[in-house]
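Here are my notes on the model you sent. Please read them with the structure open.

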Amino acid sequence: MAWPSSAPAYEAEMDQQSATLDDANLKKRFPPHVLKENGYFEHYEKSLEWYFDPERCKRTCLDDYQRLVLRKDIFYLDWDSYQSRLNTYKEDLEYICYCQALENAIKWTKVHMAPGGTLDWSRVEGVAFIQALKIAERFPTISLDSSMSGFLDLLTIFRFNHHYRDGLDGLYFEVWKRVATQKMDFRAALSEIQKENLFPLRNIDIECELENEPGRLKLKDGCVSTDEGRQLIREAVKKMVQIHETYLDYATKKVKVAKDIGVIRETEVTQITEEMIVKQSLQCWSVKPSE
């Protein structure tokens, strides 16, 4: 059989000669092993974000969900750790619920991140750690390492948002209102916001922008006048100030992909989801340190 020399040529031949063939005859005409040997679909396979890892497929102790992996993405906080995990669907779903409960329970720590806080940060972190342990007890399929990794990832996200994101969308919105609506000069708008001390966390960024030091605050004359409202600005800030993703993001995406491609049966989804709802309904342990 004469084989086409490229994927486009192969597709053209398929269109011209094989359009009327059924699946059985197509397999006879183009046997899968020959396609694999000639690498006709490698360009397509490498473009897939998620795939079934060949090495994991050799391990009979794993199910299809565990074999499903994300192609390497260096934008994750701890990629080597995340991609090596062999969590089952239930374990990932419990991990997602654990992280959601934990975030709600320790969000009080954010107010103590600013310099000069009323509490020593080590004390704040210690109490939050105990909360994480208590919440993890409600999710027995999650290992201690995973629960602590989730706790540390969450604190890292809190710190990043505190230093680089918190208040930034509000600052953009205030500048937008003054420049686009009140027709103020860009620098005059920034100066006014600085004098009113509307966003203490962003004062350094404002000062650097006013002193023409590029890189601190990505605001330029006229750029915010095209935004239509705070929500658009908030989304723009998320794209502009990107944060490394965590295993929570990895697991959330994987669960969705597994459902979409049918790796997880609907009955299993329903059963596990009901269990998670029961656990989420439990009162969260939320002791905080006294001032």
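1. Contacts between residues 24 or more positions apart make up 68% of the protein chain's contacts with a separation of 6 or more. Keep in mind that this is a predicted model.

2. The protein chain holds 16 helices and 2 strands. Of its 291 residues, 39% are buried.

3. Look next at helix α8 (residues 89-106) and helix α10 (residues 144-165). Their axes come within 10 Å and cross at roughly 45°. The crossing of α8 past α10 is right-handed.

4. Which residues in α8 and α10 meet? From α8 come Y95, Y98, L102, E103 and I106. From α10 come S146, S147, M148, S149, G150, F151, D153, L154, L155 and F158. By class, this contact of α8 with α10 has 9 nonpolar, 4 polar and 2 charged residues.

5. One backbone detail deserves a check by eye. N197 is not a glycine, yet its phi is positive, at about 50°. N197 sits in the loop between α12 (186-196) and α13 (203-210). Is N197 buried, exposed or partly exposed? Its relative accessible area is 39%. Buried means under 20% and exposed over 50%, so N197 counts as partly exposed.

Note on methods: Residues numbered from 1 in each chain as written. Predicted model: local features only at pLDDT ≥ 70, side-chain atom pairs only at ≥ 80, totals over all residues. Heavy atoms only, no water. Axes fitted to C-alpha atoms, helices over the stretch in contact; angles between N-to-C directions. Helix = DSSP H or I, 4+ residues; strand = E, 2+ residues; numbered from the N terminus. Left-handed = near helix turned anticlockwise from the far one by under 90°. Contact = heavy atoms within 4.5 Å. Nonpolar A, V, L, I, M, F, W, Y, C, P; charged D, E, K, R; others polar. Buried < 20%, exposed > 50% of the residue type's maximum accessible area, 1.4 Å probe, protein only.
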